Amino acid sequence: MQGTRAPASTTPDDALASSEHSESALTSALNDVGSLDDPIGAPVDGAAHVDPPGADGSRPRPRARPCPCAPDHARPRREDPRAAAPRLLERVRPCYEARMSDTAGPSTNDASARALALDERVHALAARGVVIVDPRQTYVDERVRVDRICAGAILHPGTRLVGARTFLGPGAEVGREGPATLIDAVLGAGARVDGGFAQDAVLLGGASAGSAAHLRGATLLEEEASTAHAVGLKHTILLAFVTLGSLINFCDALITGGTSRRDHSEVGSGYIHFNFTPWGERGDKATPSRCGDVPRGVFLRERRIFLGGSGGMIGPCEVGYGSVVGAGSLLRRDVGEGRLVVTRGREVDRPLDPGYLDPAGPRLAKNRRYLGNLLALRAWYQQVRRPRIPAERGHEAVVIDEAIRNLDLAIDERIARADAFARERGVSLTQAKITAGTCPIKVSSDRPELAHLEWVRALDDHQRRILGEWLARIVDHATR
């Protein structure tokens with residue numbers, strides 16, 4: 001530990017005594033607070049304790065660890081972190097207040113007040129039943145609403161929760177593999193962000209993002225959709241079970257396909273969706289890509305799609321169900337259903353017209369189809385998913401409402417990008433008011449025992465057909 005340098009007149013014996021005094025005080029303070037390496041209030045089995053240095057300057061020896069064979073009454077016991085949290089916080093508070101009161105000044109008082117307010121928020125979460133593995137390494141912003149962090153949520157060391165929109169459902173887990181920051185992010189029951197950053201992203205029940213995740217605005221992961229480590233997503237929607245490998249970047253994409261956790265659409269590691277086109281004065285992002293679609297994908301009966309790793313896709317692009325794109329391929333064109341495609345780039349070296357603009361028609365058509373799929377998915381959430389949630393499962397209603405909010409953000413983004421693209425090419429983007437119509441079957445919460453995916457699988461062929469036709473009409477209306 002770096003301390004204040006002793007004056008030149010200080011003798012070696014004085015410096016040693018000062019060092020011993022500081023070390024003794026520090027050791028005593030740490031023993032007052034408790035183990036730094038354990039969940040709140042839970043002593044480590046066999047943890048060694050260190051005595052202060054002896055009067056002769058000799059170094060202390062750790063006390064013996066309890067033998068693993070020792071009887072239960074001789075061994076320290078772990079406590080439930082939820083029960084231990086209030087007690088540890090009360091033990092820490094006097095030590096902290098005493099330290100802060102030793103230093104005068106308005107800035108110190110402000111810092112003390114902020115720290116105590118943070119302590120109160122963490123205390124309130126622990127009392128509510130949130131599992132806080134180490135409160136000294138957990139930050140909860142003043143805007144976070146305690147009632148939106150459900151009992152059973154787990155916060156690992158290095159967790160930072162920020163923003164009034166932030167919501168954690170029962171069993172949601174943050175930071176199991178490393179520090180994690182959530183800003184206005186929403187995690188359903190059992191969803192996880194193992195490490196990294198998530199802002200304005202929504203993960204439904206059982207969805208997960210691996211360590212070093214970077215999830216940004218209007219991102220939506222449905223049930224059990226998942227990403228491995230170091231995946232960046234923005235304005236990207238993964239329907240149920242879709243899986244992304246590691247080191248992937250997707251912006252402005254919708255991926256569906258597959259039937260279950262063992263039969264799902266997948267993107268291999270090292271894949272990039274290129275969502276920027278350099279043509280025009282400043283380039284544009286009228287480049288959304290779609291793998292599968294909403295009118296068929298929501299029913300979990302379509303063949304999976306596979307995009308091989310170490311590859312990329314130049315948006316806007318469309319890939320059909322049942323297709324496989326080989327590893328290392330850079331996809332510059334659409335792929336139909338049931339196709340095997342392996343592409344290789346070709347060398348190009350030719351003059352470039354700085355004023356070049358690609359034709360408006362082809363890309364506008366793809367933007368309209370993509371927008372239609374977003375509108376269909378929003379109708380599905382609003383008229384099918386939301387009405388099925390019974391009142392006693394309020395946490396599910398919150399997550400679905402937040403998912404609808406993200407879909408609205410995605411729709412607004414697509415309209416704005418397509419409009420800017422069209423105007424630069426002198427085309428008027430006539431956007432008629434699109435109405436979703438009414439869901440053709442009665443949907444209610446009269447079968448609450450069925451989770452959403454189970455309910456979807458239980459639909460008979462007639463129900464699935466008329467629902468699919470309803471969603472397809474929404475898409476068609478958007479493309480006119």
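## Helix packing, rings and backbone

H5 and H8 pack at an angle of about 140°, with their axes 8 Å apart. That makes H5 oblique to H8 (angles under 35 degrees are roughly parallel, over 145 roughly antiparallel, 65 to 115 roughly perpendicular, and the rest oblique). Axes here are lines fitted to C-alpha atoms, for helices over the stretch in contact, and the angles run from 0 to 180 degrees between N-to-C directions. Helices (H or I, at least four residues) and strands (E, at least two) are DSSP runs numbered from the N terminus.

Before going further, a word on the source: this is a predicted model, where local features need pLDDT of at least 70 and side-chain atom pairs count only at pLDDT 80 or more, while totals for chains, interfaces and linings use all residues. Residues are numbered from 1 along each chain as its sequence is written, and side-chain values use heavy atoms, with hydrogens and water left out.

| Helix pair | Angle | Axis distance | Crossing |
|---|---|---|---|
| H5 and H6 | about 165° | 10 Å | left-handed |
| H5 and H8 | about 140° | 8 Å | right-handed |

A crossing is left-handed if the near helix is turned anticlockwise from the far one by less than a right angle, and right-handed if clockwise. H5 and H6 are roughly antiparallel to each other. Their contact residues divide into 18 nonpolar, 2 polar and 5 charged, where Ala, Val, Leu, Ile, Met, Phe, Trp, Tyr, Cys and Pro count as nonpolar, Asp, Glu, Lys and Arg as charged, and the others, Gly among them, as polar.

Over in H8 (residues 461–479) you'll find Trp470, which is buried at a relative accessible area of 2% (buried means under 20%, exposed over 50%, partly exposed in between, with a 1.4 Å probe and protein chains only). The C-alpha atoms of Trp470 and Gly437 are 8.0 Å apart, though 33 residues separate them along the chain.

Now for the rings. How many aromatic pairs does a search of the whole structure find? There are 3, with rings of Phe, Tyr and Trp (its six-membered ring) pairing if their centres lie within 6.5 Å; planes under 30 degrees apart count as stacked, over 60 as edge-to-face and the rest as tilted. One of them is Phe250 with Tyr271, stacked because their planes are at 10°, with centres 5.9 Å apart. Phe250 belongs to strand E18 (residues 248–255), while Tyr271 is in the loop between E19 and E20, 21 residues apart. Phe250 is buried at 1%, and Tyr271 is buried at 1%.

Another is Phe299 with Trp380: centres 5.4 Å apart and planes at 75°, so edge-to-face. Phe299 lies in the loop between H4 and E22 and Trp380 in H5 (residues 360–385), so the pair ties together parts 81 residues apart in sequence.

Last, the backbone. Most residues other than glycine have a negative phi, and most peptide bonds are trans. The Gly315 to Pro316 bond is cis, with omega near 0°. Ala218 has phi near 60° and is buried at 2%. Ala230 has phi near 55° and is partly exposed at 23%.
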